[in-house]
Amino acid sequence: MQNISSATYADSKPHYELLDGLRGVAALLVIWYHVFEGFAFAGGGIIESINHGYLAVDFFFILSGFVIAYAYDDRWAKKKLTLKSFFKRRLIRLHPMVIMGAVIGLIAYLMQGGVTWEGTHVGISMVTVAFLCAMFFIPAIPGAGYDVRGNGEMFPLNGPAWSLFFEYIGNILYALFVRRLSDKWLAVLVAVLGVAVVWYTTTDAAGYGMFGVGWTLDVANFFGGLIRMLFPFTMGMLIQHHFKPIKIRGAFWICSVILVVLFHVPFIEGNEYICLNGLYEAFCIVCVFPLLIWMAASGVTTDKFSTGICKFLGDISYPVYIVHYPLMYLFYAWLIDNKYYTLGETWPIAIAVCVASVVLAYACLKFYDEPVRKWLTKRFK
């Protein structure tokens with residue numbers, strides 16, 4: 001069974017309800033991961049508890065490839081879609097919340113006093129440039145004056161927007177090139193990119209000890225981010241082309257538990273020959289995530305509760321991902337100012353930040369994103 005989600009205003013096909021639900025689960029886990037990122041940031045240590053929460057981004061990419069192929073491949077084949085109409089649809093679907101994320105990011109930055117993490121005041125002209133770049137999705141060059149937080153983020157007012165930057169690149173490559181590939185050549189491309197992922201992770205090419213690349217505009221992160229997006233995106237397409245449902249009961253709950261367990265595996269120390277943490281990441285991205293997508297796409301909800309949960313999670317998944325991090329900036333600054341380093345010291349505030357992120361996302365969805373997309377759809381489609 002499939003449902004019509006809030007995304008329908010931009011993409012008129014029904015959605016796989018369990019995939020929508022899993023996207024929401026991954027988005028909530030990202031929020032929880034960023035809470036612990038704050039403790040590591042404030043204390044100068046490593047992230048504890050949900051060590052591999054950043055892999056949610058790779059899960060999003062593979063899910064995106066599956067859904068894009070499902071929503072658009074047959075339209076290209078029937079010549080019912082042009083490049084102009086495809087890009088119009090994708091912009092209507094994605095960009096309103098990009099703008100909202102920039103607005104909320106600007107407000108949070110000004111609430112912090114308009115300074116870098118080191119406390120240096122940033123002039124209003126550079127803050128304005130940073131805001132305009134965020135609105136038009138132009139990444140910041142590390143060290144430039146409009147890198148207003150001073151830590152090299154592509155989008156310093158809303159850090160996680162970097163993954164949407166690569167999502168846009170993936171959509172462009174899909175429309176111009178990848179959709180034209182036969183299944184044989186698509187499989188070859190996926191295999192080559194899979195080898196690149198394994199090489200990049202196991203050799204620790206970025207030097208982080210993990211695959212948390214793509215967030216800044218240096219060479220290692222840009223090409224690492226491209227690999228990080230291209231493999232799961234094309235893998236998702238390949239899965240959709242060959243997808244045949246399998247019978248599985250409780251697929252949503254099984255897949256959700258697996259995601260929680262995978263993200264909570266501790267950091268794995270490597271040696272001089274191989275990055276074992278990277279090997280684990282490659283195993284998740286290349287082997288486990290494709291299986292989860294297949295399982296979830298095969299499953300159906302059988303009761304109103306599960307259907308409602310999946311629809312709610314699917315509806316808030318994108319808004320919660322794109323608007324939660326400005327609240328995290330405020331949370332991180334509070335941690336640093338008060339020298340708090342553990343969940344035990346701050347759990348009421350940490351939970352409040354998580355709840356506030358969901359409430360803010362839902363409000364943005366209902367009072368901004370859905371109405372704006374409805375209007376844009378009527379106006380331009």
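Which element supplies the largest share of the lining of the largest pocket? That share, six residues, belongs to α1. The structure is a predicted model, in which local features require pLDDT of at least 70 and side-chain atom pairs pLDDT 80 or more, while totals for chains, interfaces and linings use all residues. Residues are numbered from 1 along each chain as its sequence is written, and side-chain values use heavy atoms, with hydrogens and water left out.

Two or more lining residues come from each of α1 and α11 (325-338); helices are DSSP runs of H or I with at least four residues, strands runs of E with at least two, numbered from the N terminus. By class, 20 lining residues are nonpolar, eight polar and three charged (Ala, Val, Leu, Ile, Met, Phe, Trp, Tyr, Cys and Pro are nonpolar; Asp, Glu, Lys and Arg charged; the others, Gly among them, polar).

Four cavities of 30 Å³ or more were found in the whole structure, a cavity being a set of points where a 1.4 Å probe fits but cannot get out. The second largest cavity contains about 90 Å³. Of its 13 lining residues, Pro14, His15, Val67, Tyr70 and Ala71 are the closest to the centre. At least two lining residues each come from β2 (15-16), α1 (17-43) and α2 (56-77), with α2 giving the most, five.

Definitions and conventions
1 Å grid on protein atoms, 1.4 Å probe; cavity = no way out; pocket = protein on both sides within 12 Å on 5 of 7 lines; lining within 4 Å. Points joined across faces, edges and corners; volume = space filled by probe spheres on them.
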